[in-house]
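The structure comes first, then the text.

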Amino acid sequence: NEIQDKKLEYITFVWANDFFNSDTIDKTTTGGTPQDTDVRWQKLFNVGVEMLVTAVSQLSAIAKVKTFYTPSNHDELTGYHALKYLEAWFRHDDNVEIDTSAMIRKYILYGKTLIGYTHGDKEKGQNGSKEKASKLASVMPLEAKDLWSKANYYEMHTAHLHSEHAIHEINGVIVRRISSPTAT
């Protein structure tokens, strides 16, 4: 309701960071770590995609929606399947843009700000460390050359540790850890 009357160019809907929490029939993460889940995998998927369709529908009534997939360590397969579900559901909706590319990091230029998105578990280095933040900051100008040259401000958003925290600013790139929808 707060943004209903605002004139928005578009809404970036970021949801893929461990959204489903588990990824297998045995209620484990993609890598096999057991998760405390009280629903069957079918129900988890069905409720999850229904929530996503509802969210995208509500947001697209306000402005164009851009969404994408960043592979997560909890639900790499299920998250991608959910993205393809959204792509099929909204295939005739010009107000919804879905990036289904397999790149582990996505980049969006908004005005003069380049924002990179990644889950943050694939990059080497200790979680939350300056070393890992440095790797994320250094990969941005290489992977998003065209967008980098059009920007004056740079941020990389990660979510692997499930809590919000500004990690570091390295060579002008702010690396932030954004909260995941899954509890800490």
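Helices α1 and α2 are oblique to each other, where oblique covers the angles left after under 35 degrees (roughly parallel), over 145 (roughly antiparallel) and 65 to 115 (roughly perpendicular). The model is predicted: local features need pLDDT of at least 70 and side-chain atom pairs pLDDT 80 or more, while totals for chains, interfaces and linings use all residues. Residues are numbered from 1 along each chain as its sequence is written, and side-chain values use heavy atoms, without hydrogens and water.

Helix α1 spans residues 41-60 and helix α2 residues 76-89; they pack at about 45°, with axes 10 Å apart. Helices here are DSSP runs (H or I, at least four residues), and strands are runs of E of at least two. Axes are lines fitted to C-alpha atoms over the stretch in contact, with angles from 0 to 180 degrees between N-to-C directions.

In α1, Phe45, Val49, Leu52 and Val53 meet residues of α2 including Tyr85 and Trp89; contact means heavy atoms within 4.5 Å. Phe45 also joins a cluster linked by ring pairs, with Trp15, Phe19, Phe20, Tyr85 and Trp89.

The whole structure holds nine aromatic pairs. Rings of Phe, Tyr and Trp (its six-membered ring) pair with centres within 6.5 Å; planes under 30 degrees apart are stacked, over 60 edge-to-face, the rest tilted. Two pairs are tabulated.

| Pair | Centre distance | Plane angle |
|---|---|---|
| Trp15 and Phe19 | 5.6 Å | 85° |
| Tyr69 and Tyr80 | 5.3 Å | 70° |

Tyr69 lies in the loop between β2 (64-68) and α2, and Tyr80 in α2, so their pair ties together parts eleven residues apart in sequence.
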